[in-house]
Amino acid sequence: MKLTVASSPHIRGNFRTNRIMLDVVIALLPALAVGMWMLGIRALLVTLVCIVSAVAAEWLYNVITKTRNTIADCSAIVTGLLLAMTLPHTVPYWQAVVGSVFAIIIVKALCGGLGQNIFNPALAARAFLMLIWPVGPTRYTALGVDGVTAATPLHHMVMPALPEESLLDMFLGRCPGSIGELSALALLLGGAYLVIRKVISIRIPAAYLGSVAILTLVFHKTGSPVEWMLYSLLSGGVMLGSIFMATDYATSPATAMGQILYGIGCGILTVIFRYFGIFPEGVTYAILLMNALVWVIDRCTAPRRFGAKKGGAEK
Amino acid sequence: MKKHLFFGGIHPKYNKEMSLGVTAFQRITPSRVVIPLQQHIGAPCQPLVQVGDHVLRGQKIGDGEGLCVPVHASVSGTVVAIEPHPHTSGRLVNAIVIDNDQTDATMEPTPITAPLDQLDNDQILHAIREAGIVGMGGAAFPGNVKALSAMGNVDTLIANACECEPYITADDALLRSTPEQVLEGMTILRHVLKPSRVVLAVEDNKAAAIEKINGILKNYPGIELAVLPTRYPQGAEKQLIQALTGREVQPGKLPVSVGCAVFNVSTYAAIYRAVRLGTPLTERIVTISGEAIAQPQNFIVRIGTPFHDLIEVAGGLNEKTERVISGGPMMGFAQSDLSVPVIKATNSILCLLKDRNGAAENPVCLRCGKCVNVCPMRLQPLYMYRFVNAGRLDELERLNLLDCIECGSCAFTCPGKLPLVERFRKGKQLLREAKAK
């Protein structure tokens with residue numbers, strides 16, 4: 001009998017990378033269902049195009065660079081799915097393909113692969129698409145910043161005016177927008193699932209949404225402060241961004257305090273970009289900007305050393 | 001009372017019921033014992049006998065100067081060899097090999113019968129030393145030295161029965177069978193150390209033991225039973241002190257620096273037997289468990305019994321056995337040679353099949369941060385791993401790698417199955433080597 005001599009621990013928990021990725025997919029299904037229900041079958045087709053091209057890009061990269069096949073970790077599925085969630089259902093398929101390939105090859109693989117990328121692949125790809133096929137205020141039908149037509153709720157708020165949709169409609173997703181950002185309810189359900197499954201901690205979404213809520217309450221533009229705040233939280237990509245994008249492991253801090261600061265940073269930037277930016281939406285750029293700060297944030301928010309004086313005298 | 005908790009921690013599957021089915025202890029008397037001359041932290045013993053000598057059970061056969069406690073023959077018989085022998089630490093350690101004559105002729109015990117208030121500390125500490133008592137929870141620090149360093153410096157005396165490692169039930173079995181020995185041992189050390197608080201700490205997954213203790217606790221006024229919510233690594237010294245008192249032992253310091261002394265419950269029972277029965281440490285309770293052993297149970301085992309003897313009595317190994325571990329599954333040492341003997345600090349022999357959640361072929365860090373959440377020492381394992389691999393000693397210093405207690409919570413939790421503890425041991429070695437230069 002050959003006994004294995006290896007380092008402790010000799011038992012491990014049943015968390016697995018591909019199980020985590022699968023949980024993210026499951027958590028996005030309600031939002032995808034709402035997208036299909038509101039926008040039709042093309043929402044599903046765009047999603048499938050994104051997923052298939054992301055997985056294919058990963059496979060091709062592995063083949064070309066003669067590296068280990070990494071499809072089994074399921075992360076490419078998540079990247080493709082997340083990108084699709086940010087796109088309007090009217091996006092040309094070939095643009096969806098370009099976005100997926102960009103996300104997998106440029107943003108992820110060339111940075112060292114899973115866990116090594118600095119920027120959120122889905123959001124970076126979305127930003128890339130927006131820059132090459134610029135979508136001025138008149139061209140929202142090509143690739144909306146936030147949605148399909150200039151009539152998304154967020155565009156009203158730029159004017160500023162309250163959207164035509166009721167708060168309930170927006171909560172349920174009965175409004176125009178990108179495939180995955182329509183229904184706050186569906187996204188919150190998915191978020192709750194991820195928190196219960198311990199895939200994500202509630203810290204980043206709570207800090208993100210909390211800071212957006214406080215800022216829009218204090219600096220409300222029109223309507224009653226609470227109404228403005230609720231519309232701000234329900235419109236655009238804040239829900240999708242805070243629950244599914246800002247919590248991406250590779251591009252968010254690992255320390256508890258870091259996660260809170262990062263969430264607050266995303267919230268502040270989102271509101272600033274929305275109020276003062278040239279686009280109506282700020283979520284994509286807010287998160288991408290904060291992505292760049294993750295290592296610095298982690299470094300500055302190391303937990304207090306065990307046994308060191310509270311207050312940090314001993315270092 | 002204010003409820004304290006320790007930081008981080010995990011909830012592994014405990015599998016403790018496996019070894020608790022057999023309630024009566026079987027005593028094992030091997031045909032040959034191997035008594036390593038070093039079973040403690042400190043200087044090794046020198047042999048006091050020669051090959052060919054006849055020895056009695058309980059006879060002192062090795063002793064030394066300095067930080068050292070003696071070792072005793074655990075059977076009567078003939079010394080057949082004094083030679084380097086495989087040891088659970090993985091090294092070769094000089095050992096005295098005794099062929100058992102099966103008569104169990106025993107040294108005359110030398111109990112101290114006088115009431116405690118007529119005993120002075122030197123007398124008690126001497127008895128503890130002469131009985132060869134070391135910390136039996138795994139660390140194996142000489143008991144008398146620890147007690148001496150705690151004299152006048154502690155206000156809290158702790159008996160550790162957390163036994164937070166999965167599978168192991170040796171302390172549990174001790175508390176179910178002879179809890180009075182533990183409480184008597186605590187009474188003796190209380191007399192020596194004069195603490196204001198004396199606590200027996202148990203995790204709440206040991207209901208039968210807790211009931212037993214509660215039944216006799218009224219006979220021991222002033223001793224407190226603390227039932228703690230089960231969580232690994234509660235039994236780690238610093239974590240237990242934090243959970244019981246809220247105090248944090250500073251980096252590089254000992255528990256005595258925060259006024260605490262912690263001994264394992266088996267150590268207290270051994271102290272009682274040394275002082276009141278006058279018998280040295282020649283046997284202990286050992287759990288033999290795991291999916292790969294036929295009859296998991298607790299045995300009373302003579303020190304020096306080879307692992308394979310115990311495994312045989314427990315029905316033998318499954319042919320698919322992947323690992324045999326001395327200690328627990330989280331911190332124990334995997335063995336390659338089953339002729340290694342049970343030593344004073346051996347609380348368990350675990351026989352495990354291949355772990356289906358085991359190491360990945362290509363471990364990848366997702367940066368999920370779960371390791372940071374579970375670390376009881378508040379470290380950042382994901383960065384430590386990265387910088388060990390990069391050989392960045394300055395960063396490892398900044399990340400306080402040397403604070404790591406190697407509890408394995410991070411590696412247990414890691415979805416990417418990184419070999420975290422293994423790399424941290426390597427990193428610590430690099431840091432120590434760099435410091436030595």
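Two strands are taken to pair if DSSP finds at least two bridges between them. The model discussed here is predicted.

In chain B, four strands build an open sheet whose order is S2-S8-S7-S4, with antiparallel pairing. Its edges are formed by strand S2 (32-36) and strand S4 (54-55) of chain B, each of which pairs on one side only. Within this sheet, strand S7 (residues 77-86) of chain B runs antiparallel to strand S8 (residues 92-100) of chain B, and nine bridges join them. Pro84(B) has Asn94(B) in S8(B) as its bridge partner.

A further strand of chain B, S14 (residues 297-302), is mostly covered, with five of its six residues buried. Strand S1 (residues 26-28) of chain B pairs with S14(B) in the parallel sense over three bridges, and Gln26(B) lies opposite Phe299(B) of S14(B). Strand S13 (residues 283-289) of chain B pairs with S14(B) in the antiparallel sense over six bridges; here Arg284(B) has Val301(B) as its bridge partner in S14(B).

The pairings described above are listed here.

| Strand pair (chain B) | Sense | Bridges |
|---|---|---|
| S7 and S8 | antiparallel | nine bridges |
| S1 and S14 | parallel | three bridges |
| S13 and S14 | antiparallel | six bridges |

Between the chains, 30 residues of chain A are in contact with 50 residues of chain B. On the side of chain A that touches chain B, 15 residues are nonpolar, ten are polar and five are charged.

Notes
Residues numbered from 1 in each chain as written. Chains lettered and ligands numbered in written order. Predicted model: local features only at pLDDT ≥ 70, side-chain atom pairs only at ≥ 80, totals over all residues. Helix = DSSP H or I, 4+ residues; strand = E, 2+ residues; numbered from the N terminus. Contact = placed C-beta atoms within 7 Å. Nonpolar A, V, L, I, M, F, W, Y, C, P; charged D, E, K, R; others polar. Buried ≥ 20, exposed ≤ 12 C-beta atoms within 10 Å, placed from the backbone.
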